[in-house]
Amino acid sequence: MNIRTSSFLAKSNELELGRNINLEQIGSIQKRLGFGDATVLQASKKVLGAYEFVITSTGTNYLLAITNNSGDTAGVLKYRTTPNGSFTTHPDADCEALQENSKFEFANFIDKCFVVGYSSDDTSWQTIFTLAGIIDGDYDAESVVSGAPNAKYIIQNQNRIILANTSNNSSEIFYSDYPNATVTPNTLAWDSNNYESITTNDGEQITGLTKGFNRTLVFKPSSIHKVDTDQDPVSIVKEKGNIGTTSHRSIQTIGGTVLFFKEGYGFYAYNNDGEPVLVSRKIDAIISAITPNQDINSWADEKSYYASIGTVTYNGRTYTNAWLEYDTIIDTWTLNDGIDAAIVVKFGETDTKTFYFGGRTDGTIYEMFSHSTTSTSSSSTSSSTSSTSSTSSTSSSISTSTT
């Protein structure tokens with residue numbers, strides 16, 4: 001797609017609009033795959049978080065997901081052990097009374113799943129906790145997180161757990177000691193001095209966190225900071241320029257490139273060698289149509305970056321539950337609709353993983369890109385001679401099964 005260029009100047013292989021299409025086969029336009037095999041966690045509730053928890057020592061993995069309960073008084077953690085199976089409520093009673101309306105984030109370390117969360121609706125923190133599996137008693141808010149603050153964001157990197165935007169300070173990162181590998185299971189401690197302030201007094205809080213270039217990348221809306229917790233003292237280097245992210249869940253890494261979204265500007269690519277580059281200029285009109293403060297939820301495979309952008313209206317037409325695909329190999333954007341993703345996760349019993357997404361409003365987990373049925377697909381092409389061709393096709397309804 002190239003919306004910025006006049007139809008007189010557009011190249012013969014550029015689209016004015018490419019909706020629900022796949023350009024992977026060079027020289028052809030195909031319909032994208034659909035989604036299905038829906039499993040309802042809690043009807044009419046947003047999926048607040050989802051994660052693949054892997055117990056490394058045994059190779060066991062679980063798909064975890066959290067929604068509010070029916071009365072919106074607490075979050076409820078459920079798990080699934082097989083693809084397309086049913087979800088079971090975690091038997092530990094402490095897992096059935098999590099902070100409602102929170103965004104939950106997860107990290108995998110020392111055979112435990114670390115969980116943090118924060119509710120902007122209630123301005124309340126989820127108490128940081130760990131899970132060791134799916135039996136009663138696996139919830140633990142003491143042993144390996146004692147001394148750790150609550151936080152909005154979490155990753156595992158450089159053999160530590162790293163927290164960001166904590167209950168101590170919105171510009172703080174806080175990190176664990178190295179695990180004690182001389183005991184089984186490993187233990188973890190949190191020194192009260194294991195914190196760093198990231199450019200305080202600039203009026204901005206930390207808005208994102210990821211791994212990148214053997215560092216921890218800490219984002220604010222107008223900056224990126226490369227943090228090396230393996231150095232003593234900890235090394236913090238601010239990237240040049242004034243570009244950061246407004247959406248933690250928009251951050252994805254493909255190869256040596258980190259992609260992310262900044263509200264009011266668009267999607268950027270960062271390669272650790274200078275200021276991030278805006279890669280979405282060709283679709284500026286769609287970027288401008290994104291609702292302010294919209295949750296941008298992204299996912300990525302080996303070549304493409306995807307972002308759920310909510311419902312947008314472009315050129316007089318409304319695209320419900322829209323999402324974008326950016327093919328980083330052939331540098332193309334397409335506009336899609338019909339996927340209302342609050343969170344997206346990879347999960348599978350083998351090395352071949354499948355994407356699953358949790359709905360923003362229906363409390364449902366769906367399997368993605370595995371069904372031939374899809375919504376209406378269309379494309380409009382424009383050549384330098386102003387000739388326009390368009391095709392459209394409609395398939396049957398999306399096939400789902402719910403339990």
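Q: What volume does the second largest pocket have?
A: About 780 Å³. Keep in mind that this is a predicted model. Lining that pocket are 31 residues, with K103, S120, Y153, N293 and D295 nearest its centre. β5, β9, β10 (112-119) and β13 each give two or more residues to the lining.

Q: What makes K103 a lining residue of the second largest pocket?
A: A lining residue has an atom within 4 Å of a pocket point. K103 is listed in the lining, among the residues nearest the centre, so by that cut-off K103 has an atom within 4 Å of a point.

Q: How do the residues lining the second largest pocket divide by type?
A: Eight are nonpolar, 13 polar and ten charged.

Q: Why are β21 and β24 said to stand at the edges of their sheet?
A: The open sheet runs β21-β22-β23-β24, with antiparallel pairing. β21 (252-254) and β24 (277-278) each have a single partner strand, so one side of each is left without a neighbour in the sheet.

Q: How do you know that β21 and β22 pair?
A: Pairing takes at least two bridges. Three bridges join these antiparallel strands, so β21 and β22 meet the cut-off. T253 stands opposite V258 in β22.

Q: What makes M1 stand out in the largest nonpolar core?
A: M1 is one of the residues touching the most other members of this 30-residue core. Beyond its neighbours within four places in sequence, M1 is in contact with residues including L15, L17, I283, I286 and L335.

Key: Residues numbered from 1 in each chain as written. Predicted model: local features only at pLDDT ≥ 70, side-chain atom pairs only at ≥ 80, totals over all residues. Heavy atoms only, no water. Core = buried A, V, L, I, M, F, W, Y, C linked by side-chain atoms within 4.5 Å. Buried < 20%, exposed > 50% of the residue type's maximum accessible area, 1.4 Å probe, protein only. Contact = heavy atoms within 4.5 Å. Helix = DSSP H or I, 4+ residues; strand = E, 2+ residues; numbered from the N terminus. 1 Å grid on protein atoms, 1.4 Å probe; cavity = no way out; pocket = protein on both sides within 12 Å on 5 of 7 lines; lining within 4 Å. Points joined across faces, edges and corners; volume = space filled by probe spheres on them. Nonpolar A, V, L, I, M, F, W, Y, C, P; charged D, E, K, R; others polar.
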